[in-house]
Each structure stands twice: as structure tokens, then as C-alpha cells.
Amino acid sequence: MDVVESWGKIEHWIARNAPAERLVNGAPSEELEELEKSLWVRIPEDLRCSLQLHNGSADAEIIPPAFSLWGTSRIISEYATEHFRR
């Protein structure tokens, strides 16, 4: 199953079982470029595709319960240390 299919299943499940949950929109290409510059790596295509569809899950707790997916801002804040931000 690819990323698009996986997000489709998540979206479908949320729509049926947790309609109050809202997933965030996808990250614009500028944010993805900033992420790569901040981390000094090319992000994998699956991660890029996922972030383009939904830039993390924000406050929505998805699978497994009590876990959320980080968006570009959170990834940068957690992994891009001052050493990498030149």
C-alpha cells in the first residue's frame, strides 16, 4: 500500500468514526524545501508525499491511539539543531 492509499484509509476511518477530528492540509513545497535545508538531507519520497497530503496530524490522535504525526515545523524544531541551521 502506498502513502496515498494509506492516507485515504485514515481519512475514511476518521470520517466514519471521529468526524470531529480535523486533519491539516498538506505542506507547500516551500516548507518541504525548508525542512530539507534545515536537516541537510533530502527527505524520502514517501515522507514528502505524506507531508504534501497532510502536514502531520496536528492535534488529531491517529493510529495508534495517543500518537500524532509531526508536520514540517515540529520535525525542524525537534531535529534541526543550531549546528545544522547555518
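I started with Arg42, which counts as exposed because its relative accessibility is 55%, and the cut-off for exposed is over 50%. A reminder to myself that this is a predicted model.

**Entry: the partner of Arg42**

I looked up what the side chain of Arg42 meets, and found a salt bridge with Glu45, at 2.9 Å from N to O. Glu45 itself is partly exposed, with a relative accessible area of 48%.

**Entry: counting the pairs**

How many salt bridges does the structure hold? I noted four. My background note here is that side chains of opposite charge can pair when their charged atoms come close.

**Entry: Arg48 and Glu36**

Next I checked Arg48, which forms a salt bridge with Glu36, and their closest N and O atoms are 2.6 Å apart. This pair links distant parts of the chain, since Arg48 belongs to helix H3 (residues 45-53) and Glu36 to helix H2 (residues 29-39), twelve residues apart. Are these two buried or exposed? I wrote down that Arg48 and Glu36 are both buried.

**Entry: Arg74 and Glu78**

Then I moved on to helix H4 (residues 72-79), where Arg74 and Glu78 are four residues apart, so about one helical turn separates them. Their side chains meet in a salt bridge, 3.1 Å from N to O. I looked up the accessibility of both ends: Arg74 is partly exposed at 40%, and Glu78 is partly exposed too, at 41%.

Which residues do salt bridges with shared partners join into one network? My list reads Glu36, Arg42, Glu45 and Arg48.

**Entry: the nonpolar residues**

In soluble globular proteins, nonpolar side chains tend to be buried together. I found that the largest nonpolar core here has nine residues: Ala27, Leu32, Leu35, Leu39, Ile43, Leu51, Ile75, Ile76 and Ala80. H2 and H4 each supply at least two residues of this core. Which helix gives the most? It is H2, with three residues.

Leaving aside residues up to four places away in sequence, Leu39 touches Ile75, Tyr79 and Ala80.

I also noted a second, separate core of five residues, and Val3, Trp7, Ile10 and Ile14 are among them.

Definitions and conventions:
Residues are numbered from 1 along each chain as its sequence is written. This is a predicted model: local features need pLDDT of at least 70, side-chain atom pairs count only at pLDDT 80 or more; totals for chains, interfaces and linings use all residues. Side-chain values use heavy atoms; hydrogens and water are left out. Buried means under 20% relative accessible area, exposed over 50%, partly exposed in between (1.4 Å probe, protein chains only). A nonpolar core is a set of buried Ala, Val, Leu, Ile, Met, Phe, Trp, Tyr and Cys residues joined through side-chain atoms within 4.5 Å. Contact means heavy atoms within 4.5 Å.
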